[in-house]
Amino acid sequence: MLSQFARANYDYNDKYLLTATVRRDGASNFAANNKYAIFPSGAIGWKVSKEDFLKDNETISNLKLRASYGVTGNPSIAPYQSLASYSSIYASSNGQTVNTITPYQPANPDLKWESSYQTNFGVDLGLLNNKVSLSLDYYNIDTKDLILENTGLPQTLGYLNDKILANLGEINNKGFEITLNTKNITNNNFSWTTDFNLSSNKNKVVKLVKGIDLFDNAAPSYMSGTISNTSILRVGEEVGLFWGYEYKGVYQGGALPAGTLTLPGGVAGDPLFADTDGNTKLEAADKTIIGNPNADYTFGITNNFSYKNFDLNIFFQGSQGGDIFNMTNVQLFNGDSNTTQDFFNNAWTPTNTDTNTPRVGNNSNREISSRFVEDGSYIRLKNIAIGYNFPSTIIESLGVENLRLTVSAQNLLTFTKYSGLDPEVNYFGRSGDNSRSSNTVQGFDFGNYPTVRSVNISLNLKF
């Protein structure tokens, strides 16, 4: 990396603010024609509360309007991705195995920086001598020249790797953020403050390689023979949507309900799926979008209390609207391993047909379907801590300068409808034989170790 930057700040009468920055960044892992890129940014601010018509207002103690625009770059690719390269392989010569080389990938001299263009508008508001402070922000980010794998190379060219990196995608993120701080009570013996934040982000895939859907697989490797894809990137949709069959209930035997299918060899008690393409044969073309792991919004709220020598901190966090694909249940409800008591008791039997749960040992073949998609919304008591500062009369008698006792607990309570162990964890999974994390694979749960609930007691002693 080699970078230069310049910044200018202008402040007129502590009311009108201007900041301008320009960066020139170079990265050796990009192609010879595009190692360097220029990223400018600018921001303006207006402290309205400093104006004569508002500076003596008893209600509004602070009002600031903000706007900014800037470009940032992403150089996070492995070295040598833009260069032509060779790979060693085994070959046969005169009946003997020999080492040789073959072209691995062609050069891409035009591979360049991935760039994000962000616009932000904000308001800072303080009321009643800043006893209430509020910040509102709206942003829009267009990320262009996404670095994706170009699968358009014909195999007849003879390259071992037909998925070279190229700037072939675009994605949009937009949303808002709210931060609120209130000083509810403040006096000599007791105080109470509250901090609240809420954010919402909506993303959309704007452009992909030739507009073709991209798939990923979050299933563990031993399932790869029965599961091909679990998530999809599609132009016009959000990132990382779940991909699979639409579950339509339990097959009761006899003629199949219109527009439904079972897996081959299906019998009464097996799961039914939607015949999406209408050809009366369950296949990959019947798969569709079955869930969205992206939350509608996330939030957090912290309350701080103090009374004489005691203080109390309570922090809740939550997420609303994001789906979770419970892949643990794909394994447990498959019929080739142990299962849960709830599934066993509610499963279809010839005498228990009024159920939406397939039979034990059903012909599910570990299918990826909407019956495993659950609401991942939750509210969690993330942290609670109570502290006590021993009074001077005690610490002086002990010959110390300060003595404090604290008891805290993390992840103490969770309120959720999700049936798994923890709605906050994520399983990245495997794609083929390569284990890798992916920011397009999210919202999957497969035997994840839950977030630890802990209680801590500490004594701080200062001599």
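A nonpolar core is a set of buried Ala, Val, Leu, Ile, Met, Phe, Trp, Tyr and Cys residues joined through side-chain atoms within 4.5 Å. Keep that in mind, please. The model on the screen is a predicted one.

Let's start with the cores. The largest nonpolar core has 18 residues. Which residues have the most contacts inside it? They are Phe325, Met327 and Phe444. There is also a second, separate core, with 11 residues. Phe39, Val71, Ile147 and Leu165 are included in that one.

Now zoom in on Phe325. Leave aside its neighbours within four places in sequence. Phe325 then contacts Phe242, Ile290, Val330, Ile368 and Ser369, among others. Its contacts also include Phe372, Val373, Gly443, Phe444 and Asp445.

Rings come up here too. Ring pairs link Phe325 into a cluster with Phe242, Phe333, Phe343, Phe372 and Phe444. So where does Phe325 stand in relation to strand E26? Phe325 is opposite Phe444 in E26. Strand E20 covers residues 323-326. E20 and E26 pair in the parallel sense, over 2 bridges.

Next, the sheet around those strands. This is an open sheet of 3 strands, in the order E21-E20-E26. The pairing is mixed. Strand E21 (373-375) and strand E26 (444-445) are at the edges. Each has a single partner strand, so one side of each is left without a neighbour in the sheet.

Let's move to another open sheet.

Strand E22 (residues 378-389) pairs with strand E23 (residues 402-416) in the antiparallel sense, over 11 bridges. In that pair, Asn389 stands opposite Arg404 of E23. E23 also pairs with strand E27 (residues 454-462), again antiparallel, over 9 bridges. There, Asn402 is opposite Lys462 in E27. As a general point, strands of a sheet pair through backbone hydrogen bonds, either parallel or antiparallel.

Back to rings. The count comes to 17 aromatic pairs. One of them is Tyr388 with Phe390. Their ring centres are 5.0 Å apart and their planes are at 75 degrees, so this pair is edge-to-face. Is Phe390 buried or partly exposed? Phe390 is partly exposed, because its relative accessible area is 24%.

Two lysines also sit over rings. Lys144 lies over the face of Tyr117, at 5.5 Å from the ring centre. The charged end of Lys287 is over the ring of Tyr245, 5.6 Å from its centre.

Val71 is found in strand E4 (residues 60-74). Its relative accessible area is 10%, so Val71 counts as buried. What does Val71 touch, not counting residues up to four places away in sequence? Phe39, Pro40, Ser115, Ser116 and Tyr117. Finally, take Val71 and Arg366, which are 295 residues apart along the chain. Their C-alpha atoms are separated by 45 Å.

Key
Residues numbered from 1 in each chain as written. Predicted model: local features only at pLDDT ≥ 70, side-chain atom pairs only at ≥ 80, totals over all residues. Heavy atoms only, no water. Buried < 20%, exposed > 50% of the residue type's maximum accessible area, 1.4 Å probe, protein only. Contact = heavy atoms within 4.5 Å. Phe/Tyr/Trp six-rings, centres within 6.5 Å; stacked < 30°, edge-to-face > 60°. Lys NZ or Arg CZ within 6 Å of the ring centre and 35° of its normal. Pairing = 2+ DSSP bridges. Helix = DSSP H or I, 4+ residues; strand = E, 2+ residues; numbered from the N terminus.
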